[in-house]
Amino acid sequence: MSDITIPTSEHADDHSHDHPAWLAHHFDDAEQQFDSGKLGMWLFLVTEVLFFSGMFVAYALFRSLHPEVFVYASQFLNAKLGAINTGVLLFSSLTMAWAVRAAQLSQQKILVSMLAMTLSCAAMFLGVKAVEYTHKWDLGLLPAGMYITQGVAEPNHGNWLQILCIPAAVFAVIFAGWYLFALVGRNRFQLQIAGPLLVASLCFFAGVQLGVFLESGESHGDAHGSGHGATHGDHHEGAGDHAAHAIIVDHMVATSIPGQAFPSEVFVDPKRVGIDEPEINQRGRAGIFFGIYYMMTGIHAVHILGGMGVITWLIVKAARHEFHSKYFGPVDNVGLYWHLVDFIWIFLFPLLYLIR
Amino acid sequence: MSAVISKPLVAPVESAKEPGNFLTHTSGFLSWALTLDHKRIGLMYLVGVMSSFLLGGVLALVVRAHLFYADGAFLTLKQYNQIFTLHGAVMVFLFIIPSVPAALGNFLLPIMLGAKDVAFPRLNLSSFYLWVGGAIFFLVAMLTTGLDTGWTFYTPYSLETTGPVVLATMGVFILGFSSIFTGLNFIVTINTMRPPGMTWFRMPLLLWAIYSTSIIQVLATPVLGITMLLLMAERFLGIGIFDPKLNGDPVTYQHFFWFYSHPAVYIMILPAMGIISELMSVHSHKGIFGYRMIAYSSVAIALFGFLVWGHHMFTSGMANVTTIVFSALTFTVSIPSAIKVFNWLFTMYKGTVSLTTPMLYALSFMFLFTIGGLTGLPLGALSIDRHFHDTYFVVAHFHYVMMGGTLVAFLGGIFHWWPKMVGKMYNELGGQISAGIVFVGFNLTFLPQFVLGTRGMPRRYATYVPEFEFLHQLSTYGAFLLGIGLFVALGVLINSLFRGKKAPTNPWGGATLEWVCSSPPPHDNFSKPPVVGDPYDFRGLEYDAREGGYVRRK
């Protein structure tokens, strides 16, 4: 059922006879067109690597100059969420590669569903990321210029997560409406587009749920960020929690030496346990780490958004049955781009989250 | 239109029935605004780039006029800062970088290669609109409040000034993408769109130069992009990387900036060198001397250019060893540059040199570029740079290379390919006069600045000690003379549009493929892949008085 005959629209335009519709007029043949596209995409990826390289260099410089800052500050990052996002992206790379394969084999349905899954993974990634970001904004873990020294003043809590959810909610409503509209009108083409978009926008909320759950559901053993992700401004904890924290505080006071890393087995929310690290816990120190963190992950997230845009474009084209075994260059090239975005994250995750 | 079908490859002697060319292929505003034709995009770039040049040139004249008196003629100090900043930024980002590759390169590259178009025509058009968008950001920055950081946006001043740094850097960011996409397009075009027979070593040297330039554009410009983005983030959020108040490091900014901006000077000069290779050979009517060495030296300059950025920062604070390494690497760049100059000289040797307008510009280039190149060597030497850093010696040096080099070659290129682009011959005497005035005016402007620099006149100062007044006044006179020469050149070109004779297919006797197309070329360049030969084989090309140009005898 997935094998669909290659559309023969050779005579649909005013090109000469040996030029099918999918072959641009200035190319001699399909091979030249494919090679050009592929070389162009690889060059673009080179520019992307160099684009990120500036931030990697900044990271390397500041980490080599201030290793203790990076060890200190990275503990505010939730490695679990980072790991889950890594898994989500790796899985999306699998589905993307599968989509390329499906396009090469003219498997129309598999192509659309694989693209849809890739898109959904991307949305889920952003959902988790939204929880991570907003949680840090609540704590005042911001770039140097706005960094709020932890444990000194109560940072301002905003409804950041809700605000970030608004665009996704708007998209979800629009796509749901579109889906229903297409369902009523029995428009298969529109269904093939609206369906994946609806699922993807819902996946954003799945990511948010997952993030909120993991950011809040770790009160025993690792106390990182208790209560902040789930309900903003909610600081009520059970008595058992307090007992756990007291133990951790004792542990920290006993072992912490200025300028040295915290015990690695304990996830600490320094605001609550009141660690005094005047050297590091300030704008020009930990703040620079967060400056670099937000730039790297933020620009990566922008690339995810861009990738979602082009995958959506691919879904539209795939729903129009434009890809087949003789013409699959765009799927292939977007796949390359997607793998690069994934690849960069594979570097970001250990560099930022796993500093011990 | 179907007029593109049968265009003879050899110069048509009968011109009775006139097939459509790319200018008349379609008409109307949208047919230009939405065109995917590389030739029209090239012409649109040419108009945009020359308008920016006019703006930058007027700003330069304002600066020079102000410096006529030691206490400054009419600008406040703040205005002076804003005007030299805009002069530099407009000239670098809006004029020189896109000048040869985007304007002439767009027009010529596919034709010289024998292709129908660049590999990605839509990307090509978006590059143009990105350029327009970036230019608008810049102009808005100018019209709202003045930018006064210099074109380099050095921190920490760029973080503190009230000027529109974010707007301007956003413009640079956008312009950077325009440049990247142009470079990417050209690399892919040269790699995949060569017709049968067009091997790498049959490509005209301009294409080698543009290819090398494109490599730099693709590899260096993204670093500028991220630098500008980080600078914007530093201003908006205070990420702390560049801001000393937040423990950041301004020298890191300088490293980031020059990692792009030094290779960028080769983006500016390499395509100009490519033009000179064409002009020297065609107007000497003799094959280029040392083809392979010129081709390789372009690539070598592109690669060496990435390793020398530190020589802008000898006085900024670097380890001694680092400065020595950067200094030594800097000298290596002079080797491929000298190879080119010697090869051009030997191309003229025993050639039949016609002193046409393009050739006069090419000869000016040889003279000015050699001075500019040789004065770069003392600047690369550590001990001398201590004294010359940030003086007028530096200003004169890079103006000799950028203006005496790139601009003069660009003008020569415009005069050389003007008949091809618009199909009209210009007044030869007028062109020659313009070349003469430009040459004299240029030297009068910048030779005194070398002297000023060695005597310690610092750059970017709005006022100076009275002892320097005479040399400054010479320089100002020269600048206005230069301006007159450029307006003469502009007048000659515009006049040709209305009064010029119809251009023959091959007015100069060139052997590259663009001289096989009619002037102006048809919409599709070549209806079938052209016959590719040696681009510098002038045997068999003879002047035909009836045709008004050269034709190939069988």
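The largest cavity holds about 130 Å³ of space, in what is a predicted model. Rolling a probe the size of a water molecule over the atoms shows where empty space is left. Here a cavity is a set of points, on a 1 Å grid over the protein atoms alone, where a 1.4 Å probe fits but cannot get out; the points are joined across faces, edges and corners, and the volume is the space filled by probe spheres set on them. Counted this way, there are four cavities of 30 Å³ or more.

The largest cavity is lined by 16 residues, and B:Phe93, B:Ile97, B:Pro98, B:Leu175 and B:Ser179 sit closest to its centre (lining residues have an atom within 4 Å of a point). Three helices of chain B, namely α3 (77-113), α6 (165-192) and α7 (205-236), each put at least two residues into this lining. The biggest share comes from α6(B), with six residues. Helices (H or I, at least four residues) and strands (E, at least two) are DSSP runs, numbered from the N terminus. Sorted by class, the lining has 11 nonpolar, five polar and no charged residues. For this sorting, Ala, Val, Leu, Ile, Met, Phe, Trp, Tyr, Cys and Pro are nonpolar, Asp, Glu, Lys and Arg are charged, and the others, Gly among them, are polar.

Next comes the place where the chains meet. Chain A brings 35 residues to the contact and chain B brings 36, with contact meaning heavy atoms within 4.5 Å. Together the two chains bury about 2,800 Å², 78% of it on carbon and sulfur atoms; buried area is the accessible area (1.4 Å probe) that two parts lose on being put together, summed over both. On the chain A side, A:His26, A:Phe51 and A:Met295 account for 21% of the area that chain A buries against chain B, more than any other three residues. Both α1 (30-65) and α9 (286-319) of chain A give at least two residues to the side touching chain B, and α1(A) gives the most, with 19 residues. By class, that side has 19 nonpolar, 13 polar and three charged residues.

No salt bridges turn up across this interface, a salt bridge being a side-chain nitrogen of Lys or Arg within 4 Å of a carboxyl oxygen of Asp or Glu. Over all chains, the search finds nine. In one salt bridge, the side chains of A:Glu132 and A:Lys129 meet at 3.4 Å, N to O. These two are about one helical turn apart, because they lie three residues from each other in helix α4 (residues 108-139) of chain A.

Most residues other than glycine have a negative phi, and most peptide bonds are trans. A:Arg186, not a glycine, has a positive phi of about 55 degrees, and lies in the loop between α5 (160-185) and α6 (188-216) of chain A. In chain B, the bond from B:Thr155 to B:Pro156 is cis, with omega near 0 degrees; B:Pro156 is in the loop between α4 (121-144) and α5 (157-160). Another cis bond joins B:Ser519 and B:Pro520, with omega about -10 degrees.

Residues are numbered from 1 along each chain as its sequence is written, and chains are lettered from A and ligands numbered from 1 in the order written. Local features need pLDDT of at least 70 and side-chain atom pairs count only at pLDDT 80 or more, while totals for chains, interfaces and linings use all residues; side-chain values use heavy atoms, leaving out hydrogens and water.

Key. 1 Å grid on protein atoms, 1.4 Å probe; cavity = no way out; pocket = protein on both sides within 12 Å on 5 of 7 lines; lining within 4 Å.
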